[in-house]
Structure formats: structure tokens, C-alpha cells
Amino acid sequence: MSQVPSLVKRRYLLKLAAGMMGSISFLTGAATGGEQQTKHNSISSEQALKLLLDGNQRFVRRKSIHPHQSRERMDSIAQMQRPFAAILSCADSRVPAEIIFDCGLGDLFVVRVAGNVACESAIGSLEYATAVLGCQIILVLGHQRCGAVIQALQEQPISGRMSLIVENIKPAVDIFKCASTSKNLVDGAVIANIKYQVQKLSESSTILTRLSRQGQLKIIGARYDLDTGIVSIIS
Ligand SMILES: [Zn+2]
């Protein structure tokens, strides 16, 4: 490895470590009466979003530093995780969060499901990531040419439990199709689906709603471009 990436990597790690040491505080919630211990990670949503977008910039520029992948990192997080961001991403094999955001072990709490749908299990997982682990950001990450969204656009029956995924996307796509004059129907539907899943997360969980109202959570939509590798914020 050349010296330059090594220096960049060291600078990144020092910055991240300083930020975490200086700003992570743990507010131990009531652990009695069956309530889970609540850890409050004070890496703000703004700081977390910057770390994600900076990592994506490195990935796009082929300057990834592959942080937090050492044996020491494994050991340091073996007993407790403190991810700085939660991500609801499509399960598509071309959108692996740790790679496109240039992150490592213990950095991201990633929920992956086809179509990045906010299904019940996904919502429960994200409640855990935020209320228990203290992530202050949920990034809903859709992507260009999403097969699940394309399936929802087509008026064809789909077999098995794949239909459950499509049912979760259909409301967004149906509203979009009625209003759209867009030539790029698929990309418009991808964005409509991202916004719909953000709204669903925001409105269908009392835990996520409460955290948002208390200023401890931001739910943000983003689109991943398969051609360029760029993540763009869309809501
Ligand atoms: Zn997809």
C-alpha cells in the first residue's frame, strides 16, 4: 500500500476515534421492569451523514481506505456494538453498504430487504438500532434499476412470498404512475418508493416517531447510482 492512502487512513481513523471518544456518551436508561438498557450514541445525524457521504466519495474516487477491518477492531467490538448509522437498503448484490460507504466492522447497522421496504421486521430492527444502540440516523437506500420496483411497476402476478415485497412497494408506485409524465418511469418509481418507505418509517413506529420528535433521529432517503457508485440524498 502506498504512503498516501495510509496517511489518509490514519487521519480518518484519528478523526473518527476523536469524534467517538469525545462525543459518545451512554445514557443508561431504566434497566428495570423488563426495559432494555438504552445507550445513547451522541454521534449526531449530521456527523453520521457526513461520515457516510465522505466514505462514498472515497469509494467513487477509488480512494477507499477500508477502515475498521483489523483483528484489533474485531476484538474491540466483540462485546458491544456502537454503529454510528442505521441503513435500510435493498438486498441487491450490487449495493453492499460497507463497501459503498467505505466503512468497516461495527460501523453500520444494516437492514437489507428487496426493495428497501419498511416491512414489520425491518421496522423492528431499526427500532433496535436507534432506541437501543443509539444510531441517530436511518438512511433508506434505494438504487437505480431496482428489480423489486420494476416488478411492482408491472401488472403481473408474482408467486410465493415475493408478492409480499411487491405489496409493500405498490402504494408508492401506483401514486407515482398516476401523477407521472416522466420518461424514466423506473427511476421515478425508485425515488417514489424511497420517499414512501421514509414516510412509512416515520409514521408507523411510535418509537421512531418519538425519537424524531425529540431530535434524536433523522430518517433520510438516498439513491445509489449503479453506473457511477454515487449516493445522492433525495429527501
Ligand atoms: Zn433493489
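The buried residues of helix α5 are A122, I123, L126, A129, T130, A131 and V132, where buried means under 20% relative accessible area, exposed over 50% and partly exposed in between, with a 1.4 Å probe and protein chains only. This is a predicted model, in which local features need pLDDT of at least 70 and side-chain atom pairs count only at pLDDT 80 or more, while totals for chains, interfaces and linings use all residues. Residues are numbered from 1 along each chain as its sequence is written, and side-chain values use heavy atoms, with hydrogens and water left out.

**Helix α5**

- Helices (H or I, at least four residues) and strands (E, at least two) are DSSP runs, numbered from the N terminus.
- The buried residues of α5 pack against β1, β2, β3, α8 (185-204) and α9 (206-213), contact being heavy atoms within 4.5 Å.
- Helix α5 covers residues 120-132, and its 13 residues should span 18 Å at 1.5 Å a residue; the end C-alpha atoms are 17 Å apart, which agrees.
- The expected span of a helix is 1.5 Å times one less than its number of residues.

- Strand β1 (residues 85-89) is mostly covered, since 5 of its 5 residues are buried.
- In a regular strand the side chains alternate between the two faces of the sheet.
- From β1, A85, I87 and S89 point one way and A86 and L88 the other way, and all are buried.
- Strand β2 (residues 108-112) pairs with β1 in the parallel sense over 5 bridges; two strands pair if DSSP finds at least two bridges between them.
- Strand β3 (residues 137-143) runs parallel to β1 and is joined to it by 4 bridges.
- S89 stands opposite R112 in β2, and its bridge partner in β3 is L141.

**The zinc site**

- The zinc ion has the protein donors C90 (SG), H143 (NE2) and C146 (SG), which lie 2.0 to 2.3 Å from it.
- Donors are N, O and S atoms within 2.8 Å of the metal (3.2 Å for Na, K and Ca); water is not among the atoms, so sites may look incomplete.
- Along the chain, the donors of the zinc ion follow the spacing C-x52-H-x2-C.
- H143 is buried, with a relative accessible area of 0%, and C146 is buried at 1%.

**Other cysteines**

- The structure holds 0 disulfides, a disulfide being a pair of cysteine sulfur atoms within 2.5 Å.
- C103 is buried, with a relative accessible area of 1%, whereas C119 is partly exposed at 21%.
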